[in-house]
Amino acid sequence: QVLLVESGGGLVQPGGSLRLSCAASGFTLDDYAIGWFRQAPGKEREGVSCLSRGDGSTVYADSVKGRFTASRDNAKNTVYLQMNSLKPEDTAVYYCAAEWGDSCGGMDYWGKGTLVTVSK
């Protein structure tokens, strides 16, 4: 069974940090591009980052550039999203997703999400 399971969400104060994890089972993550997405209350889902399969290059949304870092640990079949300098507008459910290949244009697998709340 193919699964992506996110963890690491929670409540954090503005300026704080969180690290999200996305553990895969049933397939090998290093064959896939990994996207992080988020959906805030009342808003559409948006892309946060796309970590390519090959050279590990990453594309970030302008809103998180310089604050968020995506990475992968192929030995653990897990990807991470390090989020620093968090802002209230980062509050959302965060999802990881995997697409076979090098881009994040049409994801094959999705996790169920983890909630991040940035508030005093």
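Serine 52 counts as buried, because its relative accessibility is 8%, where buried denotes under 20% relative accessible area, exposed over 50% and partly exposed in between (1.4 Å probe, protein chains only). The model is predicted, so that local features need pLDDT of at least 70 and side-chain atom pairs count only at pLDDT 80 or more, whereas totals for chains, interfaces and linings use all residues. Residues are numbered from 1 along each chain as its sequence is written, and side-chain values use heavy atoms, with hydrogens and water left out.

Serine 52 lies in the loop between strand 5 (46-51) and strand 6 (58-60), strands being DSSP runs of E with at least two residues, numbered from the N terminus. Apart from neighbours within four places in sequence, serine 52 contacts Ala33, Ser57, Arg72 and Asp102, contact meaning heavy atoms within 4.5 Å.

An open sheet is formed by four strands in the order 1-3-8-7, with antiparallel pairing; two strands pair if DSSP finds at least two bridges between them. Strand 1 (3-7) and strand 7 (68-73) stand at the edges, each with a single partner strand, and therefore one side of each is left without a neighbour in the sheet. Within this sheet, strand 3 (residues 18-25) and strand 8 (residues 78-83) run antiparallel and are joined by six bridges, and alanine 23 stands opposite threonine 78 in strand 8.

Valine 5, in strand 1, counts as partly exposed because its relative accessibility is 46%. Not counting residues up to four places away in sequence, valine 5 touches Ser21, Cys22 and Ala23.
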